[in-house]
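Subject: Handover of a structure and notes on its contents

Dear colleague,

Please find below the structure I am passing to you, followed by an account of what was found in it.

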Amino acid sequence: MTPIYNQLLIPFITAMALAITMGGSGTAPAFSAAYGANVIRKSIIPGLFGIVVFVGAFLAGKKTAGTMGSGILPSEYMTFMVVSIALFSIAVTMLISNISGIPQSTSQAAVLALAAPAVYFGKLDTQVLFAEIIPAWFILPVIAYFLSYFCGKYIYQPMRRRGLTIQRAQNENRKHIWDIVLVVMAVYVSFAIGANNVANAAGPLYTMTINELNIRESDHIVILMLATLIVAPCFGIGASLFGHKILKNTGKEIILFGKFEAVIIAFISGSLLLLASLIKGIPTSLVQVNVAAILGIGVAKMGHKNIFRKTQVKRFFTMWMIAPIISFFLSLLLIFLADMLKML
């Protein structure tokens, strides 16, 4: 094997490790609703999740892969060293989040890990980052929260006024049709994850491989498919290794909800992420959109104070603020050290 191919092994292996950590975190928004409503066994989740993520990446992930491959840092800077460092920084950040049992935004960690070398080299595309990507990170969870809140309010408040809340909820949740619909929604969200989050690793790999091997343009789509094929199945492995604790935290410990509410949460989360992927190719946080939808339902049922004072909710917000910062500064530090070593 030639030296260049030996070099490429490092970022590809790092990308696979990253995909495993992403799979652990991504299991929550895909299956926390179904798991929280007790309609799917946890042993089935990893395999189903991995298969559908791959299909989503293959069919709908091209735009987001393009954003991650050249939209933040110019493609000519996507070298072996830069991509390896960025992927390693994201993987470390996600591993910390998975060990903590907190679902974390892979996209935020990935974008900031690539923004670090862009800042270091003075090539950051501020228009894409500050006018498109970052606003979406704030806007989409807010939309998810209010959509979910109004759905919950519309369902539960009329029932409370009639004094039939418990009886109606129990009768509705006994209907087997909701089991089927909820599993379909979990698959739908997994597809959306494939369309968006796989690009966090596959996009940089794709651009780097083209640069390092001087791949002709007619073969670019083959390289993208290869990168996707390597990265996407590892999501299922990550779901198996890390998914249970995160599923428990999001599906069981924020709020216990029924099947109808779970369908609302899954549909809102998956639809917003899929729209971001297909329309603009924006890498965005499904984890935060999903938790926002869960909180919206929770507030509609139990009130603002009863939900936001929960320890798990506070831990989520703390980790969401810290993790992307870790990714950025770790990537920046490693780029700086690597650049200094090259000059010695």
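Is Ser89 buried or exposed? Ser89 is buried, since its relative accessible area is 0%. Please bear in mind here and throughout that the model is predicted. Ser89 is part of helix H4, which covers residues 80-100. Setting aside residues up to four places away in sequence, Ser89 touches Ala113, Ser327, Leu330, Ser331 and Leu334.

Overall composition

The chain contains 15 helices and 0 strands. Of its 344 residues, 56% are buried. Among the contacts with a separation of 6 or more, 86% are between residues 24 or more positions apart. The accessible surface of the chain is about 14,700 Å², and carbon and sulfur atoms account for 69% of that area.

The largest nonpolar core comprises 100 residues, and Ile193, Val231 and Phe235 have the most contacts inside it. Helix H13 gives the most to this core, contributing 11 residues. Phe235, apart from neighbours within four places in sequence, is in contact with Ala19, Met22, Gly23, Phe49, Val53, Ile193, Asn197 and Val198.

Helix H13 spans residues 286-302, 17 residues in total. From its first C-alpha to its last it reaches 24 Å, close to the 24 Å expected at 1.5 Å a residue. Because 15 of its 17 residues are buried, H13 is largely enclosed by the rest of the structure. The N-terminal end of H13 is capped by Ser285, which has a side-chain oxygen 3.0 Å from the backbone nitrogen of Gln288.

Gly194 in helix H8

Gly194 belongs to helix H8, residues 177-196. With a relative accessibility of 1%, Gly194 counts as buried, being under the 20% cut-off. Its contacts, once neighbours within four places in sequence are left aside, are with Val53, Gly56 and Ala57. Gly194 and Ser277 are 83 residues apart in sequence, and their C-alpha atoms are 9.7 Å apart in space.

Aromatic pairs

The count of aromatic pairs comes to 11. One of them joins Tyr145 and Phe146 in an edge-to-face arrangement, with 5.1 Å from centre to centre and 90° between the planes. Tyr145 is buried, at a relative accessible area of 16%, whereas Phe146 is partly exposed, at 41%. Which arrangement do the rings of Tyr145 and Tyr149 adopt? Their planes lie at 5° and their centres 6.2 Å apart, so this pair is stacked. Both of these tyrosines, Tyr145 and Tyr149, are buried. They lie in helix H6 (residues 126-162), 4 residues apart, about one turn of the helix.

Elsewhere, ring pairs link Tyr77, Tyr120, Phe121 and Phe336 into a cluster.

Yours sincerely,

A colleague

Terms used: Residues numbered from 1 in each chain as written. Predicted model: local features only at pLDDT ≥ 70, side-chain atom pairs only at ≥ 80, totals over all residues. Heavy atoms only, no water. Helix = DSSP H or I, 4+ residues; strand = E, 2+ residues; numbered from the N terminus. Buried < 20%, exposed > 50% of the residue type's maximum accessible area, 1.4 Å probe, protein only. Contact = heavy atoms within 4.5 Å. Areas by Shrake-Rupley, 256 points an atom, 1.4 Å probe, with all protein chains shown as cover. Phe/Tyr/Trp six-rings, centres within 6.5 Å; stacked < 30°, edge-to-face > 60°. Expected span 1.5 Å × (residues − 1). Polar contact = N/O pair within 3.5 Å; in protein donor to acceptor, adjacent residues only side chain to side chain. Core = buried A, V, L, I, M, F, W, Y, C linked by side-chain atoms within 4.5 Å.
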